[in-house]
Amino acid sequence: MTTTHNTSGTALAAQRRVAVEQALADIRGIASVQPFDRAVLARITARLEQLASHGGLFTRADFPPPAASEGVGAATRYRLNPGDGDDDVALYLNSINPGKTSIPHNHTTWATIVAVEGQEENRIYRRTDDGSDPAVARMELEREVTVQPGTSIAFLPDDLHSIHVVGDRPTLHFHLYGRPLETLSQRIGVNLETGAVVNYNATQLKPSKAAA
């Protein structure tokens, strides 16, 4: 029985790797189109939505959320293509407990978020200052989008957003970036109350886990 389970799990992992590799190959081709704009980004998002439709390949059993003992809003980020290294697109599957929030931040590369399960409210901000003071950013809320199955969101490098995990279940959401998060050392985060700018990776980013 254990052997059967292990064999089944190995087969599922192999199917998942193939599906991820095929999706990323397609996405690399789309991302090579110039100029890279929101229309290109929409095509990338649509391809990632196709991958998300195969929910049986991405289960909570294989990508468990953090234990309740880790606290409200605890998060685990799984890198699905760790073998591609630091100079390629990076696909993560985020499993985040309800209650997680972030400060507004950018990515310095393109990004898209697509849901397998769960809800993540995204608040998108518009800068109202001229950016002349690197230590301060003034912003106003532009719109809100709840990412869930059927509703995705995408960003160009300078777009600013914050996340707020709502509902009563952990998320399973794809987060895809033009480069790995860990390499994006110039990202900024903004304190909404004071406008103070911080280095987002240095102050907010936690390590990823490599998926099996």
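What percentage of the 212 residues of the protein chain count as buried? I worked on a predicted model, and I found that 45% of the residues in the protein chain count as buried.

Entry, overall dimensions. I looked up the radius of gyration, which is 17 Å for the protein chain; this agrees with the value near 17 Å for a compact globule of 212 residues. I noted that the C-alpha trace spans about 65 × 45 × 30 Å along its principal axes.

Entry, surface and charge. I counted 20 positive and 24 negative side chains, and the centres of the two sets lie 4 Å apart.

Entry, secondary structure. I found three helices and eleven strands. I read their order along the sequence as α-α-β-β-β-β-β-β-β-β-β-β-α-β. I then turned to contacts between residues at least 6 apart in sequence: 74% of them join residues at least 24 apart.

Entry, strand 3. Why do I describe strand 3 (residues 111-117) as largely enclosed by the rest of the structure? Six of its seven residues are buried, so the description holds. I next looked up its pairing. Strand 3 pairs with strand 6 (residues 153-155) in the antiparallel sense over three bridges, and Ala-111 has Phe-155 in strand 6 as its bridge partner. Strand 3 also pairs with strand 8 (residues 172-177), in the antiparallel sense over six bridges; here I noted His-175 of strand 8 as the bridge partner of Ile-113.

Notes
Residues numbered from 1 in each chain as written. Predicted model: local features only at pLDDT ≥ 70, side-chain atom pairs only at ≥ 80, totals over all residues. Heavy atoms only, no water. Helix = DSSP H or I, 4+ residues; strand = E, 2+ residues; numbered from the N terminus. Rg over C-alpha atoms; globule rule 2.2 N^0.38 Å. Buried < 20%, exposed > 50% of the residue type's maximum accessible area, 1.4 Å probe, protein only. Contact = heavy atoms within 4.5 Å. Lys, Arg positive; Asp, Glu negative; His and termini not counted. Charge placed at Lys NZ, Arg CZ, Asp CG, Glu CD. Pairing = 2+ DSSP bridges.
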